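These are my notebook entries on a structure that I looked up.

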Amino acid sequence: MATATKTYEYSVRDRSGKLVSGKLEAANQAALVSRLKGMGYAPVSVRETGTGMNKELSIPGLGAKVKLKDLAVMSRQFATMINSGLSMLRALSILAEQTENKELAKVLGEVRNDVETGQSLSASLAKHPKIFPPLMINMCRAGEVGGFLDQTLLSIADNFESEVKLRSKIKSAMTYPVVVFVISILAVIGMLLFIVPVFAGMFSDLGGELPAPTKVLVFLSDVMKTFAPVLVILVVVFAIVWQRVKHQRRVREVVDPLKLKAPIFGKLFQKVAISRFSRNLGTMLRSGVPILQSLEIVGETAGNIVLERAANDVKESVRRGESLAGPLAQHAVFPPMVTQMLAVGEDTGAMDTMLEKIAQFYDDEVEATTEALTSLIEPLMIAVLGGVIGSMVIALYMPIFSVFDLIE
(Lines give C-alpha, C1' and ligand atoms only; values in the text may rest on other atoms or scores of the structure.)
Protein backbone atom coordinates (compact mmCIF):
# COMPACT_ATOMS: atom_id res chain seq x y z
CA MET A 1 0.00 0.00 0.00
CA ALA A 2 1.42 3.40 -1.03
CA THR A 3 2.25 5.82 1.75
CA ALA A 4 0.33 9.12 1.63
CA THR A 5 2.53 12.16 1.24
CA LYS A 6 2.05 15.75 2.32
CA THR A 7 3.45 18.97 0.93
CA TYR A 8 5.73 21.05 3.15
CA GLU A 9 7.19 24.53 2.80
CA TYR A 10 10.73 24.72 4.12
CA SER A 11 13.48 27.21 4.79
CA VAL A 12 17.07 25.97 5.00
CA ARG A 13 20.60 27.29 4.91
CA ASP A 14 22.99 25.88 2.33
CA ARG A 15 26.70 25.24 2.81
CA SER A 16 27.50 28.91 2.15
CA GLY A 17 25.00 30.05 4.78
CA LYS A 18 22.50 31.39 2.26
CA LEU A 19 18.80 31.06 3.14
CA VAL A 20 16.89 28.93 0.61
CA SER A 21 13.13 28.28 0.56
CA GLY A 22 11.02 25.80 -1.37
CA LYS A 23 8.41 23.05 -1.30
CA LEU A 24 8.79 19.27 -1.06
CA GLU A 25 6.54 16.26 -0.57
CA ALA A 26 7.25 13.79 2.22
CA ALA A 27 5.44 11.21 4.34
CA ASN A 28 5.94 13.32 7.47
CA GLN A 29 7.93 16.20 8.85
CA ALA A 30 10.70 13.99 10.26
CA ALA A 31 11.21 12.34 6.88
CA LEU A 32 11.47 15.75 5.22
CA VAL A 33 14.04 17.02 7.75
CA SER A 34 16.09 13.86 7.23
CA ARG A 35 15.94 14.32 3.47
CA LEU A 36 17.02 17.96 3.68
CA LYS A 37 19.96 17.07 5.92
CA GLY A 38 20.98 14.37 3.48
CA MET A 39 21.07 17.04 0.74
CA GLY A 40 23.54 19.07 2.80
CA TYR A 41 21.11 21.67 4.17
CA ALA A 42 20.58 22.94 7.70
CA PRO A 43 16.77 23.13 8.22
CA VAL A 44 15.49 26.42 9.68
CA SER A 45 11.73 25.94 9.48
CA VAL A 46 9.31 23.36 8.07
CA ARG A 47 5.56 23.93 7.69
CA GLU A 48 2.86 21.77 6.16
CA THR A 49 0.85 23.53 3.43
CA GLY A 50 -2.80 23.21 2.56
CA THR A 51 -4.01 22.70 6.15
CA GLY A 52 -6.95 24.24 7.95
CA MET A 53 -8.38 27.48 6.55
CA ASN A 54 -5.30 28.00 4.37
CA LYS A 55 -6.09 25.01 2.20
CA GLU A 56 -6.80 26.03 -1.39
CA LEU A 57 -9.84 24.62 -3.12
CA SER A 58 -9.57 23.67 -6.77
CA ILE A 59 -12.42 22.73 -9.09
CA PRO A 60 -11.48 20.31 -11.89
CA GLY A 61 -11.25 22.15 -15.19
CA LEU A 62 -11.45 25.58 -13.54
CA GLY A 63 -8.05 25.74 -11.88
CA ALA A 64 -5.16 27.94 -12.87
CA LYS A 65 -3.90 27.23 -16.36
CA VAL A 66 -0.44 27.94 -17.68
CA LYS A 67 -0.75 30.00 -20.84
CA LEU A 68 1.89 30.54 -23.49
CA LYS A 69 2.27 34.13 -22.28
CA ASP A 70 3.23 32.83 -18.81
CA LEU A 71 5.85 30.56 -20.37
CA ALA A 72 7.18 33.42 -22.51
CA VAL A 73 7.67 35.68 -19.48
CA MET A 74 9.19 32.85 -17.45
CA SER A 75 11.57 31.87 -20.27
CA ARG A 76 12.82 35.43 -20.72
CA GLN A 77 13.42 35.86 -16.99
CA PHE A 78 15.11 32.45 -16.77
CA ALA A 79 17.38 33.23 -19.73
CA THR A 80 18.28 36.65 -18.32
CA MET A 81 19.25 35.23 -14.92
CA ILE A 82 21.30 32.36 -16.38
CA ASN A 83 23.12 34.75 -18.72
CA SER A 84 23.79 37.05 -15.74
CA GLY A 85 25.73 34.31 -13.97
CA LEU A 86 23.12 33.03 -11.49
CA SER A 87 23.16 29.32 -10.79
CA MET A 88 20.31 27.28 -12.20
CA LEU A 89 19.01 26.36 -8.75
CA ARG A 90 18.99 30.00 -7.65
CA ALA A 91 17.27 31.08 -10.86
CA LEU A 92 14.59 28.39 -10.51
CA SER A 93 14.02 29.39 -6.87
CA ILE A 94 13.51 33.03 -7.84
CA LEU A 95 11.16 32.06 -10.65
CA ALA A 96 9.10 29.85 -8.34
CA GLU A 97 8.77 32.70 -5.88
CA GLN A 98 7.94 35.55 -8.25
CA THR A 99 5.85 33.82 -10.96
CA GLU A 100 2.27 35.09 -10.67
CA ASN A 101 0.66 31.95 -12.11
CA LYS A 102 0.24 29.64 -9.11
CA GLU A 103 0.26 26.44 -11.15
CA LEU A 104 3.47 27.41 -12.95
CA ALA A 105 5.07 28.48 -9.66
CA LYS A 106 4.22 25.10 -8.13
CA VAL A 107 5.67 23.20 -11.11
CA LEU A 108 8.84 25.34 -11.12
CA GLY A 109 9.33 24.47 -7.47
CA GLU A 110 9.11 20.78 -8.36
CA VAL A 111 11.54 21.27 -11.25
CA ARG A 112 13.98 22.99 -8.90
CA ASN A 113 13.77 20.09 -6.45
CA ASP A 114 14.43 17.58 -9.23
CA VAL A 115 17.43 19.57 -10.50
CA GLU A 116 18.69 19.80 -6.93
CA THR A 117 18.72 16.01 -6.67
CA GLY A 118 20.97 15.79 -9.73
CA GLN A 119 18.52 15.48 -12.62
CA SER A 120 19.02 17.52 -15.78
CA LEU A 121 16.80 20.51 -16.54
CA SER A 122 15.31 18.87 -19.64
CA ALA A 123 14.49 15.66 -17.74
CA SER A 124 12.86 17.70 -14.98
CA LEU A 125 10.78 19.67 -17.49
CA ALA A 126 9.78 16.45 -19.29
CA LYS A 127 7.97 15.31 -16.13
CA HIS A 128 5.38 18.03 -16.80
CA PRO A 129 4.35 17.58 -20.47
CA LYS A 130 1.06 19.45 -19.95
CA ILE A 131 2.96 22.57 -18.87
CA PHE A 132 6.14 22.60 -20.96
CA PRO A 133 5.81 21.93 -24.72
CA PRO A 134 8.06 19.38 -26.51
CA LEU A 135 9.85 22.20 -28.31
CA MET A 136 11.10 23.65 -25.02
CA ILE A 137 12.10 20.28 -23.57
CA ASN A 138 14.06 19.17 -26.63
CA MET A 139 15.79 22.53 -27.05
CA CYS A 140 16.90 22.45 -23.41
CA ARG A 141 18.20 18.92 -23.93
CA ALA A 142 20.20 20.03 -26.99
CA GLY A 143 21.55 23.04 -25.10
CA GLU A 144 22.67 20.85 -22.19
CA VAL A 145 24.43 18.40 -24.50
CA GLY A 146 26.11 21.16 -26.53
CA GLY A 147 27.04 23.30 -23.52
CA PHE A 148 25.13 26.40 -24.66
CA LEU A 149 22.01 26.22 -22.50
CA ASP A 150 22.05 29.99 -21.88
CA GLN A 151 21.77 30.75 -25.61
CA THR A 152 19.11 28.06 -25.98
CA LEU A 153 17.00 29.66 -23.25
CA LEU A 154 17.22 32.98 -25.08
CA SER A 155 16.05 31.29 -28.29
CA ILE A 156 13.14 29.70 -26.43
CA ALA A 157 12.17 33.09 -25.01
CA ASP A 158 12.33 34.72 -28.46
CA ASN A 159 10.23 31.92 -29.95
CA PHE A 160 7.52 32.08 -27.28
CA GLU A 161 7.37 35.88 -27.40
CA SER A 162 6.97 35.83 -31.19
CA GLU A 163 4.20 33.25 -30.88
CA VAL A 164 2.43 35.33 -28.21
CA LYS A 165 2.70 38.41 -30.41
CA LEU A 166 1.27 36.49 -33.38
CA ARG A 167 -1.67 35.22 -31.33
CA SER A 168 -2.40 38.68 -29.92
CA LYS A 169 -2.61 40.09 -33.45
CA ILE A 170 -5.20 37.51 -34.41
CA LYS A 171 -7.19 37.97 -31.20
CA SER A 172 -7.25 41.75 -31.58
CA ALA A 173 -8.53 41.39 -35.15
CA MET A 174 -11.22 38.86 -34.23
CA THR A 175 -12.50 40.50 -31.03
CA TYR A 176 -14.63 43.17 -32.71
CA PRO A 177 -16.49 40.97 -35.22
CA VAL A 178 -17.08 38.27 -32.61
CA VAL A 179 -18.51 40.79 -30.12
CA VAL A 180 -20.76 42.36 -32.78
CA PHE A 181 -21.92 38.92 -33.92
CA VAL A 182 -22.79 37.83 -30.37
CA ILE A 183 -24.63 41.11 -29.70
CA SER A 184 -26.63 40.74 -32.93
CA ILE A 185 -27.64 37.17 -32.04
CA LEU A 186 -28.68 38.21 -28.52
CA ALA A 187 -30.62 41.20 -29.89
CA VAL A 188 -32.54 39.02 -32.37
CA ILE A 189 -33.32 36.39 -29.71
CA GLY A 190 -34.42 39.11 -27.27
CA MET A 191 -36.79 40.68 -29.80
CA LEU A 192 -38.27 37.29 -30.73
CA LEU A 193 -38.82 36.30 -27.09
CA PHE A 194 -39.99 39.56 -25.52
CA ILE A 195 -41.01 42.18 -28.08
CA VAL A 196 -42.67 40.25 -30.91
CA PRO A 197 -45.14 38.44 -28.57
CA VAL A 198 -46.45 41.83 -27.35
CA PHE A 199 -47.11 42.99 -30.91
CA ALA A 200 -48.56 39.58 -31.83
CA GLY A 201 -51.13 39.87 -29.02
CA MET A 202 -52.08 43.35 -30.16
CA PHE A 203 -52.49 42.19 -33.75
CA SER A 204 -54.69 39.24 -32.76
CA ASP A 205 -57.01 41.59 -30.78
CA LEU A 206 -57.41 43.86 -33.80
CA GLY A 207 -58.10 40.97 -36.17
CA GLY A 208 -57.50 41.14 -39.89
CA GLU A 209 -54.90 39.59 -42.12
CA LEU A 210 -51.24 40.18 -41.19
CA PRO A 211 -48.61 40.93 -43.85
CA ALA A 212 -46.38 37.99 -44.84
CA PRO A 213 -43.18 39.38 -43.19
CA THR A 214 -45.07 39.86 -39.92
CA LYS A 215 -46.46 36.31 -40.09
CA VAL A 216 -42.93 34.96 -40.53
CA LEU A 217 -41.72 36.99 -37.55
CA VAL A 218 -44.59 35.80 -35.32
CA PHE A 219 -43.94 32.19 -36.41
CA LEU A 220 -40.24 32.51 -35.54
CA SER A 221 -41.20 34.01 -32.17
CA ASP A 222 -43.47 31.04 -31.38
CA VAL A 223 -40.75 28.60 -32.41
CA MET A 224 -38.17 30.43 -30.30
CA LYS A 225 -40.41 30.40 -27.21
CA THR A 226 -40.94 26.67 -27.62
CA PHE A 227 -37.40 25.61 -28.46
CA ALA A 228 -35.29 28.25 -26.64
CA PRO A 229 -34.51 25.95 -23.64
CA VAL A 230 -33.67 23.09 -26.02
CA LEU A 231 -31.44 25.41 -28.07
CA VAL A 232 -29.56 26.55 -24.95
CA ILE A 233 -29.00 22.93 -23.88
CA LEU A 234 -27.80 21.97 -27.36
CA VAL A 235 -25.34 24.89 -27.45
CA VAL A 236 -23.92 23.98 -24.02
CA VAL A 237 -23.65 20.28 -24.93
CA PHE A 238 -21.99 21.11 -28.25
CA ALA A 239 -19.45 23.38 -26.52
CA ILE A 240 -18.57 20.67 -23.99
CA VAL A 241 -18.32 17.92 -26.60
CA TRP A 242 -16.29 20.12 -28.95
CA GLN A 243 -13.75 20.90 -26.22
CA ARG A 244 -13.25 17.17 -25.73
CA VAL A 245 -13.05 16.03 -29.35
CA LYS A 246 -11.48 18.99 -31.19
CA HIS A 247 -7.95 17.65 -30.66
CA GLN A 248 -8.76 14.10 -31.77
CA ARG A 249 -7.02 13.16 -34.98
CA ARG A 250 -10.13 12.01 -36.85
CA VAL A 251 -11.79 15.34 -36.11
CA ARG A 252 -8.72 17.35 -37.10
CA GLU A 253 -8.44 15.45 -40.38
CA VAL A 254 -11.82 16.89 -41.32
CA VAL A 255 -11.65 20.35 -39.74
CA ASP A 256 -8.03 21.42 -40.42
CA PRO A 257 -8.19 21.20 -44.24
CA LEU A 258 -11.50 23.11 -44.14
CA LYS A 259 -9.83 25.89 -42.15
CA LEU A 260 -7.32 26.48 -44.94
CA LYS A 261 -10.13 26.54 -47.54
CA ALA A 262 -12.40 28.92 -45.62
CA PRO A 263 -13.59 31.83 -47.87
CA ILE A 264 -12.30 34.81 -45.87
CA PHE A 265 -10.10 33.40 -43.10
CA GLY A 266 -8.44 30.54 -45.02
CA LYS A 267 -5.46 32.65 -46.14
CA LEU A 268 -5.00 33.94 -42.61
CA PHE A 269 -4.95 30.41 -41.16
CA GLN A 270 -2.42 29.38 -43.82
CA LYS A 271 -0.07 32.28 -43.08
CA VAL A 272 -0.26 31.67 -39.33
CA ALA A 273 0.53 27.96 -39.80
CA ILE A 274 3.50 28.64 -42.11
CA SER A 275 4.86 31.27 -39.73
CA ARG A 276 4.64 28.89 -36.76
CA PHE A 277 6.14 26.01 -38.79
CA SER A 278 9.10 28.10 -39.99
CA ARG A 279 9.82 29.73 -36.64
CA ASN A 280 9.73 26.51 -34.64
CA LEU A 281 11.87 24.58 -37.13
CA GLY A 282 14.41 27.39 -37.43
CA THR A 283 14.66 27.84 -33.66
CA MET A 284 15.24 24.14 -33.05
CA LEU A 285 17.81 23.74 -35.83
CA ARG A 286 19.67 26.79 -34.51
CA SER A 287 19.67 25.27 -31.02
CA GLY A 288 21.23 22.02 -32.20
CA VAL A 289 18.20 19.73 -32.08
CA PRO A 290 18.66 16.90 -34.67
CA ILE A 291 16.73 17.62 -37.85
CA LEU A 292 14.61 14.44 -37.78
CA GLN A 293 13.57 15.12 -34.21
CA SER A 294 12.93 18.78 -35.06
CA LEU A 295 10.65 17.85 -37.97
CA GLU A 296 8.66 15.46 -35.79
CA ILE A 297 8.12 18.11 -33.11
CA VAL A 298 7.37 20.85 -35.65
CA GLY A 299 4.71 18.65 -37.23
CA GLU A 300 3.03 18.18 -33.86
CA THR A 301 3.16 21.88 -32.96
CA ALA A 302 2.19 23.32 -36.37
CA GLY A 303 -1.44 23.51 -35.28
CA ASN A 304 -2.77 22.04 -38.54
CA ILE A 305 -2.73 18.44 -39.67
CA VAL A 306 -2.02 19.47 -43.28
CA LEU A 307 1.36 20.87 -42.24
CA GLU A 308 1.93 17.86 -40.00
CA ARG A 309 1.63 15.60 -43.04
CA ALA A 310 4.06 17.83 -44.92
CA ALA A 311 6.56 17.63 -42.04
CA ASN A 312 6.27 13.83 -42.03
CA ASP A 313 6.97 13.72 -45.79
CA VAL A 314 10.03 15.93 -45.31
CA LYS A 315 11.22 13.71 -42.46
CA GLU A 316 11.03 10.63 -44.65
CA SER A 317 12.87 12.46 -47.44
CA VAL A 318 15.67 13.54 -45.10
CA ARG A 319 15.90 10.04 -43.64
CA ARG A 320 16.56 8.75 -47.17
CA GLY A 321 19.27 11.37 -47.65
CA GLU A 322 17.24 13.49 -50.05
CA SER A 323 16.41 17.22 -49.97
CA LEU A 324 14.36 18.96 -47.33
CA ALA A 325 12.64 21.50 -49.58
CA GLY A 326 11.63 19.05 -52.33
CA PRO A 327 8.68 17.32 -50.58
CA LEU A 328 7.19 20.66 -49.48
CA ALA A 329 6.64 21.59 -53.13
CA GLN A 330 4.16 18.70 -53.34
CA HIS A 331 1.93 20.32 -50.71
CA ALA A 332 -0.23 23.21 -51.91
CA VAL A 333 -0.25 24.80 -48.46
CA PHE A 334 3.36 25.97 -49.02
CA PRO A 335 3.65 28.75 -51.65
CA PRO A 336 6.49 28.51 -54.21
CA MET A 337 8.35 31.35 -52.47
CA VAL A 338 8.70 29.27 -49.29
CA THR A 339 9.98 26.15 -51.04
CA GLN A 340 12.43 28.17 -53.17
CA MET A 341 13.81 30.01 -50.14
CA LEU A 342 14.24 26.72 -48.28
CA ALA A 343 16.03 25.24 -51.29
CA VAL A 344 18.46 28.19 -51.30
CA GLY A 345 18.98 27.84 -47.54
CA GLU A 346 19.69 24.15 -47.99
CA ASP A 347 22.26 24.82 -50.72
CA THR A 348 24.03 27.57 -48.76
CA GLY A 349 23.91 25.81 -45.38
CA ALA A 350 21.90 28.65 -43.83
CA MET A 351 18.61 26.86 -43.34
CA ASP A 352 17.94 28.32 -39.88
CA THR A 353 18.51 31.88 -41.13
CA MET A 354 16.21 31.33 -44.12
CA LEU A 355 13.49 29.86 -41.90
CA GLU A 356 13.74 32.90 -39.63
CA LYS A 357 13.28 35.21 -42.63
CA ILE A 358 10.25 33.22 -43.78
CA ALA A 359 8.71 33.40 -40.29
CA GLN A 360 9.29 37.15 -40.11
CA PHE A 361 7.78 37.64 -43.58
CA TYR A 362 4.63 35.75 -42.66
CA ASP A 363 4.37 37.49 -39.30
CA ASP A 364 4.18 40.75 -41.24
CA GLU A 365 1.71 39.16 -43.66
CA VAL A 366 -0.51 38.06 -40.76
CA GLU A 367 -0.49 41.59 -39.36
CA ALA A 368 -1.40 43.09 -42.74
CA THR A 369 -4.11 40.46 -43.33
CA THR A 370 -5.71 40.94 -39.92
CA GLU A 371 -5.79 44.72 -40.38
CA ALA A 372 -7.39 44.28 -43.82
CA LEU A 373 -9.94 41.82 -42.46
CA THR A 374 -10.80 44.14 -39.58
CA SER A 375 -11.36 47.10 -41.89
CA LEU A 376 -13.53 44.89 -44.13
CA ILE A 377 -15.51 43.07 -41.45
CA GLU A 378 -16.40 46.09 -39.30
CA PRO A 379 -18.67 47.83 -41.86
CA LEU A 380 -20.07 44.46 -43.02
CA MET A 381 -21.04 43.45 -39.48
CA ILE A 382 -22.63 46.85 -38.83
CA ALA A 383 -24.59 46.59 -42.10
CA VAL A 384 -25.74 43.05 -41.32
CA LEU A 385 -26.75 43.92 -37.77
CA GLY A 386 -28.58 47.03 -38.92
CA GLY A 387 -30.26 45.11 -41.73
CA VAL A 388 -31.52 42.31 -39.48
CA ILE A 389 -32.80 44.57 -36.70
CA GLY A 390 -34.24 47.03 -39.22
CA SER A 391 -36.10 44.27 -41.10
CA MET A 392 -37.62 43.00 -37.87
CA VAL A 393 -38.77 46.49 -36.86
CA ILE A 394 -40.35 47.09 -40.29
CA ALA A 395 -42.10 43.71 -40.15
CA LEU A 396 -43.53 44.63 -36.73
CA TYR A 397 -44.79 48.05 -37.80
CA MET A 398 -46.27 47.05 -41.17
CA PRO A 399 -49.65 46.05 -39.66
CA ILE A 400 -49.86 49.38 -37.81
CA PHE A 401 -50.11 51.16 -41.15
CA SER A 402 -53.55 49.55 -41.61
CA VAL A 403 -54.64 49.68 -37.96
CA PHE A 404 -57.16 52.45 -38.56
CA ASP A 405 -58.80 50.45 -41.35
CA LEU A 406 -59.19 47.53 -38.95
CA ILE A 407 -60.72 49.78 -36.25
CA GLU A 408 -63.26 51.20 -38.75
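**Entry 1: a surface patch**

I looked for surface patches and found a nonpolar one formed by Val178, Phe181, Val182, Ile185 and Leu186, with about 450 Å² of accessible area together. A patch takes residues with over 30% relative accessible area and no salt bridge; like charges are joined within 9 Å, and nonpolar side chains (Val, Leu, Ile, Met, Phe, Trp, Tyr) within 5 Å. Accessible areas come from the Shrake-Rupley method with a 1.4 Å probe, and for residues only the protein chains shown count as cover. I noted that Phe181 lies in helix α7 (residues 149–206). Helices are DSSP runs of H or I with at least four residues, strands are runs of E with at least two, and both are numbered from the N terminus. Phe181 counts as partly exposed because its relative accessibility is 48%; buried means under 20%, exposed over 50%, and partly exposed in between (1.4 Å probe, protein chains only).

**Entry 2: basis of the values**

The model is predicted: local features need pLDDT of at least 70, side-chain atom pairs count only at pLDDT 80 or more, and totals for chains, interfaces and linings use all residues. Residues are numbered from 1 along each chain as its sequence is written, and side-chain values use heavy atoms, with hydrogens and water left out.

**Entry 3: salt bridges**

How many salt bridges does a search of the whole structure find? I recorded 16, each being a side-chain nitrogen of Lys or Arg within 4 Å of a carboxyl oxygen of Asp or Glu. In one of them, the closest N and O atoms of Arg76 and Asp158 are 2.4 Å apart. This pair links distant parts of the chain, with Arg76 in helix α2 (residues 68–83) and Asp158 in helix α7, 82 residues apart. Arg76 also forms a salt bridge with Glu161, where the closest N and O atoms are 2.9 Å apart. Arg76 is in helix α2 and Glu161 in helix α7, so this pair ties together parts that are 85 residues apart in sequence. Arg76 is partly exposed at 26% relative accessible area, as is Asp158 at 39% relative accessibility.

I then turned to Arg252 and Asp256, whose salt bridge has its closest N and O atoms 3.2 Å apart. Both residues lie in helix α9 (residues 249–261), four residues apart, about one turn of the helix. Are Arg252 and Asp256 buried or exposed? Both are buried.

**Entry 4: a distance**

I found Thr353 in helix α15 (residues 351–397). The C-alpha atoms of Thr353 and Gly22 are separated by 41 Å, and these residues are 331 residues apart along the chain.
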